[in-house]
Amino acid sequence: MLEEIVGFLNTYLWGYVLIAALLGLGVYFTVATRFVQFRYLGEMTRVLFEKSTITDGKSISSFKSFCIGAATRIGTGNLAGVAVAIGLGGPGAVFWMWIVALVGGATSFVESTLAQVYKIKDKKAFRGGPAYYIEKGLGKRWLGIIFAVLIALTFGLIFNSVQSNTISAAYENAFNMNGTVVGIVVTVLTGLVIFGGVHRIANVSSVVVPIMAVLYIILAIVVLVLNIGQIPAMFMLIVKSAFGLEQAIGGGIGAAIMNGVKRGLFSNEAGMGSAPNAAATASISHPAKQGFIQTLGVYLDTLIVCSATAFIILMSGIYQTGDVAGIQLLQDSLGDHVGNAATIFIAVAIFLFAFSSIIGSYYYGETNIEFIKESKPAIFVYRLATMGMVMVGATLPLAFVWSLADLFMALMTLINLIGIALLGKVAFKVLKDYEMQRKEGKDPTFDPQKLGIPNTECWGADAGKKKDIAG
């Protein structure tokens, strides 16, 4: 019965509501910002490596903030998620993943900029996200609390069960390891990191994610070179299937769009409201800089890493049999290209990708629990619950784990989209301010009072003043 209820809600939310909301709002933000996600590609790279404006040993740099966001983005969604999308929606799902990323770049800019505008200072670093900008920007603390509860459940618990489920499946396929044993190992490692705090999360992510992403992309390039003659036909297949011109495994255009958008969002998180939690941690001189950086994260995630997975799978043709799904489909496809050692490589890669996602997702949950109420006992219980779900996820059925993740992802995304739709004009104003200062040859700094933006306790004259904005 639970599976039927979850399936019905997913069909309604993803079939009728979220696709229209995500794409519609993405187009609106693209036009309103004058295609910010394309105009500022060079600026995105420049600000990524800027040093923190605060040198107290506690602040998080732009690069480390980017890595926390990338840690949750680059994970099972890029590997197993793409495999699931192709299995259910056919090659056309890849095209709609790309569309979500290109349009979602503007959405990511808006939500991450807002996270910086309305961030707060805690004892160790900055924190913020949708719950914070909904409270401070809209004066709706009750709605912020609902979002905080949803993201804590979605990321720290449910998404982390997806990550451990994928690790378990990969290691069972590669080494015939028991899921319970894998679950115990991952759970213990998770506990060691999450009890270390946000700085340990940032340090682990900043090392693990870039190395594994580069290695994986290199492997995908090798596969492309080995199959260079198939590349034109593969792109034609993706485009034809996207518009129902060529029937896909899972049906026509409807299956391609729904699975492409779902798995694209799970992977790059543009509009979901998760990445802004990472964006808020950075110490920078102007909020727009984190908007640029997190938009770059969307591109890295979907246009590069997800595409790498899609090309590996589509060029093998194994997906057409329908015999394997999820991470096993990717392992078998890569093995078809480069031999059996590929199965082991993917198992190692998925462990590192998924593990970095687990610790990054936990941080999203922690910062939102602190939004509701700062309580050490609550954080301690949440850490134990996270570890428990990592353990449980390693032994659950694949289909139900993904369905549950889709439902909670849909609910939190809806609330975030409402928030950024209402606060979009603040982000537009911040972008315009940044552009004017850059034209004057300045390194932009942010003065919210000058722009008429209230309740910004970390900026300008309001810095250090904590206010109750309950609505």
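In this predicted model, the count comes to 3 cavities of 30 Å³ or more. Rolling a probe the size of a water molecule over the atoms shows where empty space is left.

**The largest cavity**

- The largest cavity holds about 70 Å³ of space.
- Its lining is made up of Leu22, Leu23, Gly26, Val100, Val103, Gly104, Thr107, Val261 and Ala270.
- Helices α1 and α6 each supply at least two residues of this lining, and the largest share, 4 residues, comes from α6.
- Which classes of residue face the largest cavity, nonpolar, polar or charged? The lining has 6 nonpolar and 3 polar residues, with no charged ones.

**The largest pocket**

- Turning to the pockets, the largest one has a volume of about 620 Å³.
- The largest pocket is lined by 20 residues, and Lys123, Lys124, Glu366, Glu370 and Lys376 are the ones that lie nearest its centre.
- Strand β2 (126-127) and helices α16 (341-372) and α17 (376-393) each supply at least two residues of the lining of the largest pocket.
- Sorted by class, that lining has 9 charged, 7 nonpolar and 4 polar residues.

**The second largest pocket**

- About 520 Å³ of space lies in the second largest pocket.
- There are 26 residues lining the second largest pocket, and the closest to its centre are Val84, Leu88, Asn259, Ala399 and Ser403.
- Two or more lining residues come from each of α1 (2-32), α5, α12 (253-268), α15 (326-338) and α18 (398-439).
- Which element gives the most to the lining of the second largest pocket? That is α18, with 6 residues.
- The lining of the second largest pocket divides into 14 nonpolar, 8 polar and 4 charged residues.

**Helices α5 and α14**

- The crossing of α5 and α14 is right-handed.
- On the α5 side, the contact is made by Gly77, Asn78, Leu79, Val82, Ala83 and Ile86; on the α14 side, by Asp301, Val305, Cys306, Thr309, Ala310, Ile313 and Leu314.
- By class, this contact of α5 with α14 has 9 nonpolar, 3 polar and 1 charged residues.

**Helices α6 and α14**

- Helix α14 also packs with α6 (residues 92-117), at an angle of about 160° and with the axes 7 Å apart.
- An angle over 145 degrees counts as roughly antiparallel, so α6 and α14 are roughly antiparallel to each other.
- The crossing of α6 and α14 is right-handed.
- Their contact has 15 nonpolar and 11 polar residues, and no charged ones.
- Besides this contact with α14, α6 gives 4 residues to the lining of the largest cavity.

Conventions:
Residues numbered from 1 in each chain as written. Predicted model: local features only at pLDDT ≥ 70, side-chain atom pairs only at ≥ 80, totals over all residues. Heavy atoms only, no water. Left-handed = near helix turned anticlockwise from the far one by under 90°. Contact = heavy atoms within 4.5 Å. Nonpolar A, V, L, I, M, F, W, Y, C, P; charged D, E, K, R; others polar. Axes fitted to C-alpha atoms, helices over the stretch in contact; angles between N-to-C directions. Parallel < 35°, antiparallel > 145°, perpendicular 65-115°, else oblique. 1 Å grid on protein atoms, 1.4 Å probe; cavity = no way out; pocket = protein on both sides within 12 Å on 5 of 7 lines; lining within 4 Å. Points joined across faces, edges and corners; volume = space filled by probe spheres on them.
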